[in-house]
Amino acid sequence: MVTFIPFGEKPNRDGVLYVLQLLKRNKLIEDYMIVESSRVELLPERIPLDNAYIVGEHLATYGIIEKLRPSSLLSVDAHTDLMHDYLDHGSWLAYALEERIVNRAAVLAPVLMIPTTERTQLWTRRVKVFPALLRSRKIRGKWRAYKNLQTNSLDEIISEAKKYLGEEVYLTVDLDVLRPEYKIARFQHGELTLEELLDLLEEVKKNFRIIAFDIAEVSDKIRRSRLGKKALVEVFQLLTG
């Protein structure tokens with residue numbers, strides 16, 4: 001079964017319901033359920049134990065993993081979602097780690113790494129970040145580069161993530177990880193092509209046992225994007241195949 005969660009603002013809600021019809025037209029789903037809630041804290045009691053979720057605002061993933069309680073989580077996202085000011089779509093992973101809803105996490109392919117304000121903290125405990133582009137951080141007074149998809153091989157990145165997370169993960173894929181021409185992201189976009197994203201997910205499938213996954217940040221922009229529709233369908237087919 002596939003669970004559709006039209007959570008968040010109207011563009012997210014409309015986008016998830018549009019994708020439901022898109023997947024039905026392509027004969028990719030038969031059994032499905034729609035779960036609605038205006039508050040993330042109500043999601044765990046409403047959603048079923050499923051292995052595939054299509055969600056609007058990425059904050060909904062916080063509700064899903066509170067239900068499933070995976071030990072490790074792997075996020076493919078243009079953002080780290082590790083801001084630590086208040087619980088929302090940009091901080092859900094930080095709070096999930098702080099509250100030990102998950103024990104460990106890794107984020108693949110982010111491009112936005114820096115807190116937006118001086119008061120905003122970036123959560124760094126029990127998480128590894130592998131940016132899409134070359135990025136560095138200060139460790140004990142010295143600048144050191146993150147392992148990243150620009151200067152390190154995909155095999156090396158996946159191997160290190162697996163060493164840290166173990167064999168079993170919950171996988172969340174934020175479609176804003178794709179480049180701007182896919183016209184999916186409502187806000188900032190990522191740097192991956194669809195081919196690069198599919199290659200990355202193929203390696204994730206080969207190396208991890210995925211207990212469940214979600215495709216997140218679906219919005220109604222996808223309705224007007226041929227490349228966006230193609231991307232969603234191919235990512236869904238790969239993860240459910």
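## Briefing: salt bridges, helices and a surface patch

Let's start with Ile34, which sits in strand 2 (residues 32-34); strands here are DSSP runs of E with at least two residues, helices are runs of H or I with at least four, and both are numbered from the N terminus. This is a predicted model, so local features need pLDDT of at least 70 and side-chain atom pairs count only at pLDDT 80 or more, while totals for chains, interfaces and linings use all residues. Residues are numbered from 1 along each chain as its sequence is written, and side-chain values use heavy atoms, with hydrogens and water left out.

**Surface patch and a loop**

- Ile34 counts as partly exposed because its relative accessibility is 37%; the cut-offs are under 20% relative accessible area for buried, over 50% for exposed and in between for partly exposed (1.4 Å probe, protein chains only).
- Together with Leu17 and Tyr32, Ile34 makes a nonpolar surface patch with about 220 Å² of accessible area.
- Patch members need over 30% relative accessible area and no salt bridge; nonpolar side chains (Val, Leu, Ile, Met, Phe, Trp, Tyr) are joined within 5 Å, and like charges within 9 Å.
- Accessible areas come from the Shrake-Rupley method with a 1.4 Å probe, and for residues only the protein chains shown count as cover.
- Ser38 is in the loop between strand 2 and helix 2 (43-46), and with 69% relative accessibility it counts as exposed.
- Ser38 and Pro6 are 32 residues apart along the chain, and their C-alpha atoms are separated by 9.3 Å.

**Salt bridges**

- Searching the whole structure turns up eleven salt bridges, each being a side-chain nitrogen of Lys or Arg within 4 Å of a carboxyl oxygen of Asp or Glu.
- Lys147, Glu156 and Glu160 are linked in a salt-bridge network.
- Lys206 and Glu203 form another salt bridge, with their closest N and O atoms 3.4 Å apart.
- Because Lys206 and Glu203 are three residues apart in helix 6 (residues 194-207), about one helical turn separates them.
- Lys206 is exposed, with a relative accessible area of 60%, whereas Glu203 is buried at 17%.

**Helices**

- Helix 1 (residues 10-25) and helix 7 (residues 226-240) have axes that come within 11 Å and cross at roughly 65°.
- Axes are lines fitted to C-alpha atoms, for helices over the stretch in contact, and the angles run from 0 to 180 degrees between N-to-C directions.
- Helix 1 and helix 7 are therefore roughly perpendicular; that label covers 65 to 115 degrees, with under 35 roughly parallel, over 145 roughly antiparallel and the rest oblique.
- The crossing of helix 1 and helix 7 is right-handed, meaning the near helix is turned clockwise from the far one by less than a right angle, with anticlockwise being left-handed.
- Helix 3 (residues 60-68) is mostly covered, with seven of its nine residues buried; among them are Tyr62, Ile64, Ile65 and Leu68.
- Arg69 follows helix 3 and has a positive phi, near 50°.
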